Amino acid sequence: MGRMYTPGKGISKSAIPYRRTPASWVKATPEDVCEQICKLARKGTTPSQIGVLLRDAQGIPLVSSITGTKIARILRANGLAPEYPEDLYFLIKKAVNVRKHLEQFRKDHDAKYRLVLIESRIQRLVRYYKTSGQLPPSFKYESKNASTMVA
């Protein structure tokens, strides 16, 4: 499938191991991993950062192979999930930063164009998350309220 805003059609990407069981050298228990995830989430770490920290510091290659569930689901079960999905949050943050840039540099036409692309991606994600039930049906992205959402 082609990319949204670039001409490339590449399919190169990393692949998750086929085996669903944890590797033999992993000694962590599911309870221990869940406890570490919750502890990191209480410090304000995002789910993707939690995965990177567990991989690099604890030697846990895949949380889902050990616990059977993803990091975001573990956080949701413990009431520690972020208010908005992570990818949507960072797109909104990027749009806010581009708007702040455009206030100072009004003639930056490339930034105006990129803002349109970012906001269309946000609308696309919002539509997906509403249908999948991760966002309430009443959620609406508005650029004037976006800075309060990421503050």
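Ala81 touches Leu75 and Arg76 when residues up to four places away in sequence are not counted, contact being defined as heavy atoms within 4.5 Å. Ala81 is placed in the loop between helix 4 (71-77) and helix 5, where helices (H or I, at least four residues) are DSSP runs numbered from the N terminus. Ala81 counts as partly exposed because its relative accessibility is 33%; buried denotes under 20% relative accessible area, exposed over 50%, and partly exposed the range in between (1.4 Å probe, protein chains only).

The model is predicted, with local features requiring pLDDT of at least 70 and side-chain atom pairs counted only at pLDDT 80 or more, while totals for chains, interfaces and linings use all residues. Residues are numbered from 1 along each chain as its sequence is written, and side-chain values use heavy atoms, with hydrogens and water left out.

Helix 1 (residues 30-42) comprises 13 residues and reaches 18 Å from its first C-alpha to its last, close to the 18 Å expected at 1.5 Å a residue; the expected span is 1.5 Å times one less than the number of residues. Val33, Gln36, Ile37, Cys38, Leu40 and Ala41 are its buried residues, and the buried residues of helix 1 pack against helix 2, helix 3 (63-67) and helix 4. Just after helix 1, Gly44 adopts a positive phi of about 100°.

Two packed helices are described by the angle between their axes and the distance between the axes. Helix 1 and helix 2 (residues 47-58) pack at an angle of about 125°, and their axes are 10 Å apart. Helix 1 is therefore oblique to helix 2. Axes are lines fitted to C-alpha atoms, for helices over the stretch in contact, and angles run from 0 to 180 degrees between N-to-C directions. Angles under 35 degrees count as roughly parallel, over 145 as roughly antiparallel, 65 to 115 as roughly perpendicular and the rest as oblique. In this pair, Val33, Gln36, Ile37, Leu40 and Ala41 of helix 1 meet Ile50, Leu53, Leu54 and Gln58 of helix 2. By class, the residues of this contact divide into 7 nonpolar, 2 polar and no charged; Ala, Val, Leu, Ile, Met, Phe, Trp, Tyr, Cys and Pro count as nonpolar, Asp, Glu, Lys and Arg as charged, and the others, Gly among them, as polar.

Helix 6 (residues 109-132) has 24 residues, and the distance from its first C-alpha to its last is 35 Å, close to the 34 Å expected at 1.5 Å a residue. Its buried residues are Ala111, Leu115, Leu117, Ile118, Glu119, Ile122, Leu125, Val126 and Tyr129. These buried residues pack against helix 5 (86-104). Gly133 follows helix 6 and has a positive phi, near 85°.

The axes of helix 5 and helix 6 come within 10 Å and cross at roughly 155°. The two helices are therefore roughly antiparallel to each other. The contact of helix 5 with helix 6 has 13 nonpolar, 1 polar and 6 charged residues.

Ile92 is situated in helix 5 and counts as buried because its relative accessibility is 1%. Apart from neighbours within four places in sequence, Ile92 is in contact with Ile122, Tyr141, Ala146, Met149 and Val150. Arg99, also in helix 5, counts as partly exposed at 31% relative accessibility. With residues up to four places away in sequence not counted, Arg99 touches Leu115, Glu119 and Ser143. The C-alpha atoms of Arg99 and Ile118 are separated by 11 Å, at 19 residues apart along the chain.

Tyr141 lies in the loop between helix 6 and helix 7 (146-150) and counts as buried at 6% relative accessibility. Residues up to four places away in sequence aside, Tyr141 touches Ile92, Ala95, Glu119, Ile122, Gln123, Val126 and Ala146. Tyr141 and Ile92 are 49 residues apart in sequence, and their C-alpha atoms are 8.8 Å apart in space.
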